[in-house]
Amino acid sequence: VAAGLHPGFFFDVLPATLIPVAAGWQTVEVRKPSSAASWPKGTRHMQGIGGEPARLEAELPYPMESSARLVVEAVGGVVGTIDESRTAVVRDIPIRLDDEVIEPGLATGYRQECRATLEDGRTVTLTWDVVVDDPSDPPRDRAYRVEVTGGPAAGMHVTIDGDFTSDPYPATVERMLHVAAAVRRLGPGVHVVTDAGVSRSA
């Protein structure tokens, strides 16, 4: 299921297109920072932001395993193992947003990491850094990066920055995360779009 550009495209289609350029590669690290400040409260809460850190770390509402498998398949590899986890980001000050205040000690974001180890020992690591900053904080670096390392013929560093990093249309992220989480709960069979809780356009 393809449910969005952000973060979907940046964790599968784009790295799968870039990696083959670096012949002889051994490791791939993809990092995508995101600001959740513009996400609706319901979307943040679905991801565990604003809640207890332990609860956030115990759940994976949007697993990136599918993206990791797509990347490995696209470069002709075979997955050996995949490990994925989330680590909560906690601040010691209250974070004041338009629709809520996140108290100190609660999760203000997370780092989600998915590492696929191929049968030949190469690795592909996808990292999604999602945070809600206080408006008074200095701006963070939100550039998307792909780092490829390996033998003498390999080596690549890609940085992409621009307006997309500010997520000007939060409904896009909300819809993508909502669909991705809902589809995991669907049983086998043929479904229509409304089964995932998405309204059908007239």
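Student: What is the bridge partner of Val 148 in β8?

Tutor: The partner of Val 148 in β8 is Met 156. This is a predicted model, in which local features need pLDDT of at least 70, side-chain atom pairs count only at pLDDT 80 or more, and totals for chains, interfaces and linings use all residues. Residues are numbered from 1 along each chain as its sequence is written, and side-chain values use heavy atoms, with hydrogens and water left out.

Student: What makes β7 and β8 a pair?

Tutor: Pairing requires that DSSP finds at least two bridges between two strands. Strand β7 (residues 144–150) and strand β8 (residues 156–160) have five bridges, in the antiparallel sense, so they pair.

Student: Why is the pair of Phe 9 and Phe 10 called edge-to-face?

Tutor: Rings of Phe, Tyr and Trp (its six-membered ring) pair if their centres lie within 6.5 Å; planes under 30 degrees apart count as stacked, over 60 as edge-to-face and the rest as tilted. The centres of Phe 9 and Phe 10 are 5.5 Å apart and the planes stand at 80°, so this pair is edge-to-face.

Student: Why does Phe 10 count as buried?

Tutor: Buried means under 20% relative accessible area, exposed over 50%, and partly exposed in between (1.4 Å probe, protein chains only). Phe 10 has 7% relative accessibility and therefore counts as buried, whereas Phe 9, at 29%, counts as partly exposed.

Student: How do you know that the charged end of Arg 122 sits over the ring of Trp 25?

Tutor: The criterion is that NZ of Lys or CZ of Arg is within 6 Å of the ring centre and within 35 degrees of the ring normal. The charged end of Arg 122 sits over the ring of Trp 25, 4.3 Å from its centre.

Key: Helices (H or I, at least four residues) and strands (E, at least two) are DSSP runs, numbered from the N terminus.
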